[in-house]
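Please find below a note on the predicted model under review. It takes up the metal site, a pocket, some backbone angles and the strand pairing in turn.

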Amino acid sequence: MMQPITKDFYQSVIKNKKNIVITSHKAPDGDAIGSSLALKIALEKLGHNVSVVVPDDFPGFLKWMPFHETILLYNQEQKEAEEALENADIFFSLDYNDLRRIGDYGQLVEAKTDLLKVMIDHHRDPKPYANYALSDITASSTCELIFRFLELNNLTDLIDKDVASCIYTGLLTDTGSFRFSSTTAKTHEIAAFLLNRGAENAKIYELIYDNSSIHRLQLLGYAITEKLEYLPEYRTAIISLTEAELKKFHYQKGDTEGIVNYPLSVKNIVYSIFISEKEGLVKMSMRSKGNFPVNEIASKYFDGGGHLNAAGAVSNLSVEKTIEKIKSILPEYKDALLAV
Ligand code: MN
């Protein structure tokens with residue numbers, strides 16, 4: 001039912017549509033915001049009227065991005081977001097592939113059966129709600145697919161400094177600064193193209209990664225020194241932070257981002273799990289090296305999923321019980337962990 005997006009897609013499907021709504025997932029990251037703003041800026045240059053709607057707020061380290069202040073947060077600007085959807089002729093799902101990822105707004109989208117829906121995404125197992133899709137799990141990021149979308153439609157002339165900066169942000173953040181195995185020659189070719197169009201790589205890196213509060217640095221120190229449990233026989237590390245601990249370090253949205261990656265800097269560690277308690281929910285993020293499938297554990301044992309080397313999940317147990325559960329699962333994966 002979902003048709004692939006091919007080269008005359010803009011001309012044949014989008015060109016005559018006036019009002020466009022672009023959405024991305026809950027807890028939006030650099031790829032979600034970068035892809036949404038890049039597409040918005042490009043389509044507005046072609047005369048469309050574009051609203052970007054996300055379920056909730058995004059981290060402060062993205063609040064330098066061009067036109068970020070125009071993004072509607074559904075949990076704060078419900079009326080405006082619903083009006084935009086009411087008037088929409090075409091709807092984009094960026095960086096997610098299941099309408100549940102946009103919360104209650106997704107139900108309104110589902111109810112609007114006449115709305116033309118387009119998915120551009122790089123996650124596994126897309127749900128077939130869109131009319132058209134550019135879905136590729138091998139792509140480094142949705143931003144890479146936004147570039148491909150513009151390229152397919154002969155629209156790369158629209159990539160100015162603003163669009164280039166947005167696309168670059170998604171490439172940078174979703175590839176762990178161009179180090180994950182999802183980074184290909186094509187990813188670097190796109191990055192080069194974006195630099196030629198004015199994206200300032202060093203400045204963007206600094207705005208995103210060298211922009212923390214002192215509390216965030218202290219929280220990281222605490223997490224690694226006091227809260228990291230190393231299980232060398234399973235080549236695994238678990239870091240956990242409770243709500244009270246986060247509060248002690250004046251937690252702000254985004255402060256725990258990236259903590260999960262630190263254990264992988266240890267030679268022997270191939271599987272890293274970060275568990276945090278936020279707003280009463282126990283959330284997990286998992287990373288791995290090589291072919292160890294963290295998405296399998298996230299979906300089989302918890303409510304989650306993601307990519308081979310990066311996945312997220314929610315646990316319905318306490319932080320303590322979640323750690324116990326992970327430890328009980330590890331023996332099953334011992335051979336796989338030792339084989340990496
Ligand atoms: Mn992404």
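The points below go through the model region by region.

1. Basis of the values. This is a predicted model, in which local features need pLDDT of at least 70 and side-chain atom pairs count only at pLDDT 80 or more, while totals for chains, interfaces and linings use all residues. Residues are numbered from 1 along each chain as its sequence is written, and side-chain values use heavy atoms, with hydrogens and water left out.

2. Manganese site. The manganese ion has as protein donors Asp-31 (OD), Asp-95 (OD), His-122 (NE2) and Asp-174 (OD), at 2.2 to 2.3 Å. Donors are N, O and S atoms within 2.8 Å of the metal (3.2 Å for Na, K and Ca), and sites may look incomplete because water is not among the atoms. Along the chain, the donors are spaced as D-x63-D-x26-H-x51-D. Asp-31 in helix H2 (residues 30-45) and Asp-174 in helix H6 (residues 161-174) are 143 residues apart, a pair that links distant parts of the chain. Helices (H or I, at least four residues) and strands (E, at least two) are DSSP runs numbered from the N terminus. Asp-31 and Asp-174 are both buried, that is, under 20% relative accessible area, where exposed means over 50% and partly exposed lies in between (1.4 Å probe, protein chains only).

3. Second largest pocket. Its volume is about 230 Å³. A pocket here is an open set of points on a 1 Å grid over the protein atoms alone where a 1.4 Å probe fits, with protein on both sides within 12 Å along at least five of seven lines; lining residues have an atom within 4 Å of a point. The volume is the space filled by probe spheres set on the points, which are joined across faces, edges and corners. There are 13 lining residues, and those closest to the centre are Gly-60, Phe-61, Gln-252, Lys-253 and Asp-255. The lining comprises 3 nonpolar, 6 polar and 4 charged residues; Ala, Val, Leu, Ile, Met, Phe, Trp, Tyr, Cys and Pro count as nonpolar, Asp, Glu, Lys and Arg as charged, and the others, Gly among them, as polar. The pocket lies between domain 1 (3-209) and domain 2 (214-339), because both give residues to its lining. The domain bounds come from an automatic or database domain assignment.

4. Positive phi angles. Most residues other than glycine have a negative phi. Asn-154 has a positive phi near 55° and sits in the loop between helix H5 (142-152) and H6; Asn-154 is exposed, at 70% relative accessible area. Phe-178 also has a positive phi, of about 65°, and belongs to the loop between H6 and helix H7 (185-196). Phe-178 counts as buried at 19% relative accessibility.

5. Strand E9. How many residues of strand E9 (residues 236-241) are buried? The count is 6 of 6, so the strand is largely enclosed by the rest of the structure. Thr-236, Ile-238 and Ser-240 point one way, and Ala-237, Ile-239 and Leu-241 the other.

6. Partners of E9. Strand E8 (residues 228-231) pairs with E9 in the antiparallel sense over 4 bridges, pairing requiring at least two DSSP bridges. E8 and E9 form a hairpin with 4 residues between them, and Arg-235 in the turn has a positive phi of about 50°. E9 runs parallel to strand E10 (residues 271-278), joined by 6 bridges. Ala-237 stands opposite Tyr-230 and has Ser-272 as its bridge partner in E10.
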